[in-house]
Amino acid sequence: MRDPMTWSIPLGRVFGIRVNVHVTLPIIVVALILRVTVGKDAVVTLPEALVMAGLLFLSVLLHEFGHCFAARAVDGDAAEILLWPLGGLAYCDVPHTPRANLITALGGPAVNLALCVAAAGGLLFAGLVPPLNPLDSLSAYEPHMFDWRAGVVRAGGV
């Protein structure tokens, strides 16, 4: 029997990089979506949960592509990305220098920073500003956004 960590479903090739999903990821994603959408303790609607799961999948995939492209920028190579329940794994082969390893390691967080800036720009364009102090008196489980155009605080980002 093969090693369970190699059980994966191929999604295809993107930029010459094979993208695989571990067999446990869809099972866990479906279980989490059902957990937050079904029953008396439902927190969100099914479409909201699907959008959030899709955004999480996309952001993890882009993060791993950041590592792959950074590896290619330092004359390395990237052959495969595996998405699994704990995130993603980019299989990169880089030159054995500290500089190459540092640049490859920083490629993923650089993509996260770019996604953060893009999301902040989108919120500002929509006229919403999140609270800058995460420890203020508002509950962390009930997000509030300040609509600076209307001058009101909107609960739940609505």
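Tutor: Start with H2, which contributes seven residues to the lining of the largest pocket, the most of any contributor. Before we go on, this is a predicted model, so local features need pLDDT of at least 70 and side-chain atom pairs count only at pLDDT 80 or more, while totals for chains, interfaces and linings use all residues. Residues are numbered from 1 along each chain as its sequence is written, and side-chain values use heavy atoms, without hydrogens and water.

H2 spans 46-73; helices (H or I, at least four residues) and strands (E, at least two) are DSSP runs numbered from the N terminus. A pocket is an open set of points on a 1 Å grid over the protein atoms alone, where a 1.4 Å probe fits, with protein on both sides within 12 Å along at least five of seven lines; lining residues have an atom within 4 Å of a point. Volume is the space filled by probe spheres set on the points, which are joined across faces, edges and corners.

The largest pocket holds about 420 Å³. Its lining has 18 residues, and those closest to the centre are Leu25, Val29, Leu32, Ala53 and Leu56. H1 (24-37), H2 and E3 each bring at least two residues to that lining. By class, there are 16 nonpolar, two polar and no charged residues. Here nonpolar covers Ala, Val, Leu, Ile, Met, Phe, Trp, Tyr, Cys and Pro; charged covers Asp, Glu, Lys and Arg; polar is the others, Gly among them.

H2 also gives the most to the lining of the second largest pocket, with four residues. That pocket has about 170 Å³ of space and is lined by Leu55, Leu58, Ser59, Leu62 and Leu115.

Aspartate 75 sits in the loop between H2 and E3 (77-84), and its phi is near 65°, positive in a residue other than glycine. Most residues other than glycine have a negative phi. Aspartate 75 counts as exposed because its relative accessibility is 70%, where exposed means over 50%, buried under 20% and partly exposed in between (1.4 Å probe, protein chains only).

Phenylalanine 15 also has a positive phi, about 55°, in the loop between E1 (8-14) and E2 (17-22). Phenylalanine 15 is exposed too, at 57%.
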